[in-house]
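Dear colleague,

Please find the structure below for your records.

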Amino acid sequence: METAAVDVGSSFTDVIRRDASGRLTFAKLPSESADPAAPVLAAAGAGALRHGTTLGLNALLQRKGARVGLIVTKGFRDVLNLGRQSRRELYAMPPRAATPDFLVAETLRAEIDERIDAEGRVVTPLDDAEAARVIRRLVADGAEALAIGLLFAFRNPIHEHRLAAIAAGMFPGLPVSESHEVDPLPREFERIAATACDAFLRPTMGGYLRRLARPDLHVMRSSGGLIDGAEAARQPARLLLSGPAAAALRAAEAARAAGCPDALSID
């Protein structure tokens, strides 16, 4: 079976093709910022596609993603600002504190009156009418994708699911990222930040991967390993370090093959 391995960077798209006989061919094409899928489609052929890319990382670094609307549990609107405290003297403010650059504008953050407790029990039920008002307001204010990060959703995602369903009914095609799917772990700041990042990348990465869609498309994750194209489009935050991860894995494999247990690689 013919297989192509493709790495898309900001400058070049590198392609290695293996035909049915096992023969390898190599190509290096200029990447196209307006249509990054074009050189991939031109060079990859019609067989299986194994893919690594820095497209998501570049979009994040350059802030070229969607305008994200964030929905959180009442009382947690400022979780991104609060972050984590790591100062030795908690009340000694640094002399020149820099303001972080968040992916969600303050005007596109909304609270909703609901609560799940630490055991996953519903304490305050979600009100569908309030949910619809919040979603409609965020979209009217310019949200192009939604991030939903509710308290203890990793224990019980019922309210996140309901919000996503309401959004889908009101605005079909609107990208929605749910925190229990993106990062189903405790600690609200990390989970909500990851979900905002996922929503930020969804339109860019989703459209790109749909252009490449084929039955045997697999994409490199940040942690190494491959996931199929459909799953990659659903969780683009997992692809942030896709390109660098592939380089590190190949370098480790080459070091083992050369009998070098201690090796330093530079990509």
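In which kind of crossing does H4 pass H5, right-handed or left-handed? H4 passes H5 in a right-handed crossing (left-handed if the near helix is turned anticlockwise from the far one by less than a right angle, right-handed if clockwise). The contact (heavy atoms within 4.5 Å) involves Asp-128, Ala-131, Ala-132, Ile-135 and Arg-136 of H4, and Arg-162, Leu-163, Ile-166, Ala-167 and Met-170 of H5.

This is a predicted model, in which local features need pLDDT of at least 70 and side-chain atom pairs count only at pLDDT 80 or more, while totals for chains, interfaces and linings use all residues. Residues are numbered from 1 along each chain as its sequence is written, and side-chain values use heavy atoms, with hydrogens and water left out.

The protein chain contains 9 helices and 12 strands (DSSP runs numbered from the N terminus: H or I of at least four residues, E of at least two). Its C-alpha trace spans about 60 × 50 × 35 Å along the principal axes. Of its 267 residues, 42% count as buried (under 20% relative accessible area; exposed is over 50%, partly exposed in between, with a 1.4 Å probe and protein chains only).

As for side chains, the charged end of Arg-109 sits over the ring of Phe-102, 5.3 Å from its centre (CZ of Arg or NZ of Lys within 6 Å of the ring centre and within 35 degrees of the ring normal). Phe-152 is partly exposed, at a relative accessible area of 22%.

Yours sincerely
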